[in-house]
Amino acid sequence: MSKTSTVSTTPEKMPVIKEKFSKILDSNFRGYFSFGDGKGYFTACDSEQDFPVIVNPVLSHIYEQISSAKSTPVYIEFIGEITFPAINTPPSNALMRIDRVQHMALPKASLQCAKATHNFLFKAKGENPYWRLNLDQDRLHFATQAGNRAYQIQNSNFNSTQTSYIKTNNEQGERLSLKIQPDHCYNLKMKEYWGLTANVDSVWGDFSGCGETGWPIDYRDFAGDYLNITPFKKINLTLNSDYSVEYQENIGEKSITKTGFWKSNSPDRVVVMLMQQGLQKIQEELIFNRSGVTLSSTKLNKNNIISRLPPSERVFNKMTSKKISLKNSTTQIEREFTVQHIDPNAEIDKALQKTLNQYFKIHGTNPKNTQFSAVNYDLNGDGLNDAIVLLDWCAKSGCEMLIFERQEDGYRFASRISQVQVPVIVSSSQHYLWQSLLVERDRKWFILDFDGISYPPDTRNLPPVNKLDLATDIILFSQGRPKKWFPIKIQ
């Protein structure tokens with residue numbers, strides 16, 4: 001991400017900080033592209049939004065080799081970027097720049113948007129003679145008409161912008177050398193194009209063909225609804241899977257809506273580009289850092305001039321659904337509490353295990369050596385038992401706790417709380433219809449209140465409370481730290 005900043009001052013005025021809009025290089029996109037009469041358009045998979053495309057001679061030549069006629073839609077995978085147009089350029093709010101085509105094909109020659117792109121690092125194929133190759137993190141699979149062979153490799157990292165070599169031997173001692181390099185590669189009979197060539201040197205002969213890289217990380221998992229809420233203002237931020245954005249500020253009865261797009265090439269950072277407010281074109285940029293399911297930003301770039309965001313507007317939490325109850329936190333629902341000493345489930349909850357795997361995937365963390373234990377209790381009074389999960393990330397100060405809200409179609413993440421000592425007692429008090437939780441630390445009791453989005457991340461800076469005034473007879477993990485744990489399987 002490259003930026004250029006300058007500071008200029010004028011008499012008796014605060015310094016003005018100027019900064020160019022950010023550049024996101026090597027972002028992956030796929031969908032459908034058409035070109036005719038000098039104009040190109042791209043539509044992302046699962047989207048109806050057309051982006052005007054800046055068409056260069058290389059892109060035009062590739063398209064003409066693959067398409068049967070002008071303006072014929074073709075499937076495309078490419079590296080590029082969504083950019084701001086000139087502020088006075090009608091009619092589009094955004095432009096798509098295609099830097100490097102990875103794959104292009106007529107729709108009938110490709111699985112198109114249904115094709116999986118996350119289950120390989122690199123794959124290649126060739127004809128006359130037939131061969132196929134698939135490369136993942138530590139395995140290389142090579143197939144010819146004579147049969148299939150598998151190779152264990154130690155390092156499959158390669159850079160798609162430069163020539164890469166991989167050499168290996170299988171258990172039978174059969175050698176194989178793979179050379180990957182960026183180049184134009186066509187199969188005009190099948191009307192397909194790839195941006196990489198592959199050459200295999202093996203004991204069965206030499207093979208040449210075309211290849212493409214996979215996308216092991218899907219940055220579209222940023223998509224979802226985020227909320228920033230204070231006593232005076234509520235801001236909803238929606239990142240859609242087609243890269244569109246809606247940013248809505250609500251102050252009392254007044255509402256302001258801005259729309260635009262987002263982009264990312266990192267699991268930890270996303271850039272939000274706001275381009276339209278009503279009938280007015282705007283150019284505003286927010287760069288968010290991600291931690292778990294939270295987005296945070298400290299500054300706004302408006303027309304290349306930086307302003308600092310107030311602390312209350314810097315953090316956005318991902319919601320389980322777009323609509324969140326904004327009832328006063330003192331609103332209560334009538335509930336009856338009977339004595340329940342709830343211990344962890346004796347059998348593994350497959351749906352919860354799948355949810356945990358997805359949770360770690362979103363965080364870009366491998367859960368291979370992590371185990372969990374869980375109890376179930378209806379925390380929000382909707383009649384469905386939520387999951388209260390302990391991870392075996394435990395120390396003297398306690399364990400890591402995750403809370404997932406049960407819904408009809410599975411579990412949705414609700415909270416993460418650090419250094420929790422068990423047992424945990426369900427409180428008689430509610431906030432935003434969720435029961436508060438009582439936890440012990442240093443022989444004192446503290447209450448965790450739901451704030452409309454989540455429980456507090458830990459018990460620090462919370463005042464101690466009198467347990468007898470608030471406790472019910474519902475105890476979670478009543479026997480203390482679990483003795484049995486379940487693995488979080490990698491999927």
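This is a predicted model: local features need pLDDT of at least 70, side-chain atom pairs count only at pLDDT 80 or more; totals for chains, interfaces and linings use all residues.
I started at the beginning of H2, where a side-chain oxygen of Asp349 comes within 3.1 Å of the backbone nitrogen of Ala351. I count a polar contact as a pair of N or O atoms within 3.5 Å; within protein, one must be able to donate a hydrogen and the other to accept it, and residues adjacent in sequence count only if both atoms are side-chain atoms.

Residues are numbered from 1 along each chain as its sequence is written, and side-chain values use heavy atoms, with hydrogens and water left out.

**The whole chain**

I looked up the element count: three helices and 36 strands. Helices (H or I, at least four residues) and strands (E, at least two) are DSSP runs, numbered from the N terminus. Of the 491 residues, 46% come out as buried; that means under 20% relative accessible area, with exposed over 50% and partly exposed in between (1.4 Å probe, protein chains only). Among contacts (heavy atoms within 4.5 Å) with a separation of 6 or more, 51% join residues 24 or more positions apart.

**Back to H2**

H2 runs over residues 350-362, and its 13 residues span 19 Å from first C-alpha to last, close to the expected 18 Å. The expected span is 1.5 Å times one less than the number of residues. I listed its buried residues: Leu352, Gln353, Thr355, Leu356, Asn357, Tyr359 and Phe360. An α-helix has 3.6 residues a turn, so residues three or four places apart point the same way. What covers the buried residues of H2? I found strands including S27 (371-377), S28 (386-395), S29 (398-407), S30 (410-420) and S36 (486-487).

Strand S8 (122-126) has Phe122, Ala124 and Gly126 on its covered face, with Lys123 and Lys125 on the uncovered one. S8 pairs antiparallel with S9 (131-135) over five bridges; strands pair if DSSP finds at least two bridges between them. Gly126 has Trp131 as its bridge partner in S9. Four residues lie between these strands, and Asn128 takes a positive phi near 50° in that hairpin. S8 also pairs antiparallel with S15 (205-213), over four bridges, and there Phe122 is bridged to Thr213.

For S12 (164-169) I noted Ser164, Ile166 and Thr168 as the covered face, and Tyr165, Lys167 and Asn169 as the uncovered one.

**Rings**

How many aromatic pairs are in the whole structure? The search gave me 26. Centres must lie within 6.5 Å for rings of Phe, Tyr and Trp (its six-membered ring); planes under 30 degrees apart are stacked, over 60 edge-to-face, the rest tilted. I checked Tyr32 and Tyr75: centres 6.2 Å apart and planes at 70°, so edge-to-face. Tyr32 is in S3 (27-36) and Tyr75 in S6 (74-83), so the pair ties together parts 43 residues apart in sequence. Tyr32 is partly exposed at 26% relative accessibility, whereas Tyr75 is buried at 0%.

Ring pairs also link Phe29, Phe42, Phe78, Phe222, Tyr243 and Trp262 into a cluster. The charged end of Arg290 sits over the Phe222 ring, 4.2 Å from its centre. My test here is NZ of Lys or CZ of Arg within 6 Å of the ring centre and within 35 degrees of the ring normal. Arg406 lies over the face of Tyr411, 4.6 Å from the ring centre.
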